[in-house]
Amino acid sequence: MRFSESWLRELVNPDVGTEELAHRLSMAGLEVESVESAAPKFSGVVIGEVISVNPHADADKLNVTRVNTGADETLQIVCGAKNVAAGIRVPVARVGAMLPGDFKITRAKLRGVESLGMICSASELGLADSSQGIMPLPQEAPIGEDFRRYLDLDDNCIEVDLTPDRGDCLSLMGVARDVSAIFGCDLHEIPVCDAPVTTDSSIEVTLSAQQACPRYLCRIVTGIDSAAETPLWMQERLRRGSMRSLGVVVDVTNYVLLELGQPMHGFDLEKLSGGINVRMANTGEKLELLDGAKVILDEHTLVIADSDKVLAMAGIMGGAASGVTRTTTDVLLESAFFEPLAISGKARSYGLHTDSSHRFERGVDPAMQRRAMQRATTLLLEIAGGSAAEIIETRAEDFSVEREVIVLRRSRIERLLGVAIDDEIVVSSLQRLGMSLAACDDGWMVAPPSWRFDVSIEADLIEEVGRIYGYDNIPQTHGHLSLSMHLPPEAGFSLESATRLLNARDYQEVITYSFIPADAARHLDPQGEQITLANPISAEMSVMRPSLWGGLLETAKHNLARQQERIRLLETGLMFNLQDNEIKQEKCLSGLLIGTRSAEQWGEASEAVDFFDIKNDVESILSLTGCSELFSFVAAEHPVLHPGQTARIERDGSTVGWLGLLHPKLEKSFGIKGKAYLFEIILNQLEPGSIPSFTPLSKFPRIRRDFAIVVNRDTSYARVEQVIRQSASEIVWDIHLFDVYTGENVESDRKSLALSLILQDKSRTLGDEEVQKASQQVLTALETKLGATLRES
């Protein structure tokens, strides 16, 4: 919400400066995001009147003017604006004036004709981004007066960043009400009188969607002057509120929006057919909006329609076909109350966000519609003339603006705020905020005003008392709690240790959003049902992630686009999946690996990472459980990963996670150039771990026996190791694989594995016969269970 400070001070004028005003607003919950000057610095600009305009003798596009600036003599100024004319009043920069950008006005000759100043446009004075011609001023503008003083340009524009529950402060009146309570000064209500009714025009209104729109007001105004211009004072207030002047009718409705917080809309009466119907859209109905966008409506969208067509998306934006133009003379003004839930999220679902939708989503005062209609009608008649008809009001039978009374206890105030506050302060603060109070035992019966949707329980009232009293005025106290220390289970998995381990391996931890695009979610889990947000931040963040890989791949894409070729990323977070119509959340540890095995250096050649690099990283993580032997890697298929380079991580037959190479088809979808390896581990599947125990070292020598076996190509080393450990005697301490061979002297469907057995006893030196027996026992088991044979050559 952005507004003019001088406009605010017309309603409430505390005896403090701008800086103190902004600070106190922020401390009361209306965070001031910025305070900016209403106009850039310039000086030496006064109001002048063009006396005469004559063509330049040597330039077709220039005119030589005489301008009266209130001085003894008129000024000769050469001007190239097409709209310069005798009799108009304009801002004039005299010789010596300084314009924005440190541009100094000096005597000059243009095509041989002396020019003693410059007639200024709005853009040259920093009052607009662009201008077509010079800036005309009202005929009553006093000649010779300083232009900055005339338009009060030494004003400030204050912008407050409001929380969603404070929709009542999306108006100047709402902010003024809070300022009145904060500083304890009088509030001057905006005078609103009933506009005179001088025509009996009428239109039928039907509320077909009473739950979404329980109150709808409209009024016909005929015979307005289509050539009327919005007064400069109104244009300036709109500009300082970040709104452009778009014609009298639109400007008036926007002015009421800023002043009272009630969104309004004007329809061109001649473009309507039959009556007005507030209804839900029919699926597939089309509407071209005022900004030129074309939308296809769904059945959940509330619309304003006539007997033939949709006129507007209720509470969001009007349609181009029924909008007012510079030639409109008869209008239908609309002022309605739409339920916040009926509007919430609808604008974003169509890729829109408007001042109206922003307010209706947060809640508009349901009692404001008639007051806003009278205010807008009065302003429109004053500016453009015309005749107003009676206000037509239609409401749902059960519609009411009455609020339930809340009991506020003195004892509860002190308990929650930690300080006793005088009754007089409590009563004054709440009354200035528009609440009605009646004394009762130990407190008050409080009736919240219709515009405060966020006040519904006693704690809300105490919050209001606290913020108006001032959080700075509440003394600091130290809480007293009994603390007990809980040690983590010794056998538990330490995520902190896992991230430190990966950090030591050059992994960088990232945090990505839990929301991803629908296309990405479909790629990550093509068989699963997407969890779509009802009110997404944007289309790119509309689905809950079924895997952390989406965020990691997006981060990798961002880094690759910036010439970062060696990427190692890790992330911990929740992934979301539907199970039995319920959302299941699982905390995961995920990683991504792209590029070379080590950073570029002179000592060794760069080598690209492969499947076994990321497998080694995962095995290191699993080793932190203290029971890595319980985990296995099983060749499997996953829709995200490359067939043949994918492994499922298992523990006792249950899936712990996945790792592998990103599928080639998805490299393009995710914008990844090169091979990307991924892993994802479900953290609760790593529990329970085991506590390491000490085993005394043997004082006797180890013996190593090497042999090569030939097995089927599809037999994994993990299966070979499992058979050996199950069949080996106690003296076999360890097993190592040190070579894999396929080729000459080995059948095409088989492979050779070179293994070493490490044998040792705790109490004695092993003899050759014992070693031979233990080795043969292993070979026999391999032959029996896997069909392994010793390789002869």
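This is a predicted model: local features need pLDDT of at least 70, side-chain atom pairs count only at pLDDT 80 or more; totals for chains, interfaces and linings use all residues.
Follow the chain and you will find Val405 in the loop between strand E23 (392–395) and strand E24 (406–409). How exposed is Val405? With a relative accessible area of 47%, Val405 is partly exposed, because that value falls between the 20% under which a residue counts as buried and the 50% over which a residue counts as exposed.

Now let's turn to a sheet. As a reminder, strands of a sheet pair through backbone hydrogen bonds, either parallel or antiparallel. Here, 3 strands form an open sheet with antiparallel pairing, and their order is E1-E11-E2. Strand E1 (2–4) and strand E2 (31–37) are at the edges, each with a single partner strand, so one side of each has no neighbour in the sheet. From one strand to the next, the twist averages 25 degrees.

With that layout in mind, we can look at the pairings themselves. Val35 has Ile158 in E11 as its bridge partner.

What joins E1 to E11? Here there are 3 bridges, and these strands also run antiparallel. A handy place to look is Arg2, which stands opposite Glu159 in E11.

Note on methods
Residues are numbered from 1 along each chain as its sequence is written. Side-chain values use heavy atoms; hydrogens and water are left out. Helices (H or I, at least four residues) and strands (E, at least two) are DSSP runs, numbered from the N terminus. Buried means under 20% relative accessible area, exposed over 50%, partly exposed in between (1.4 Å probe, protein chains only). Two strands pair if DSSP finds at least two bridges between them. Axes are lines fitted to C-alpha atoms, for helices over the stretch in contact, and angles run from 0 to 180 degrees between N-to-C directions.
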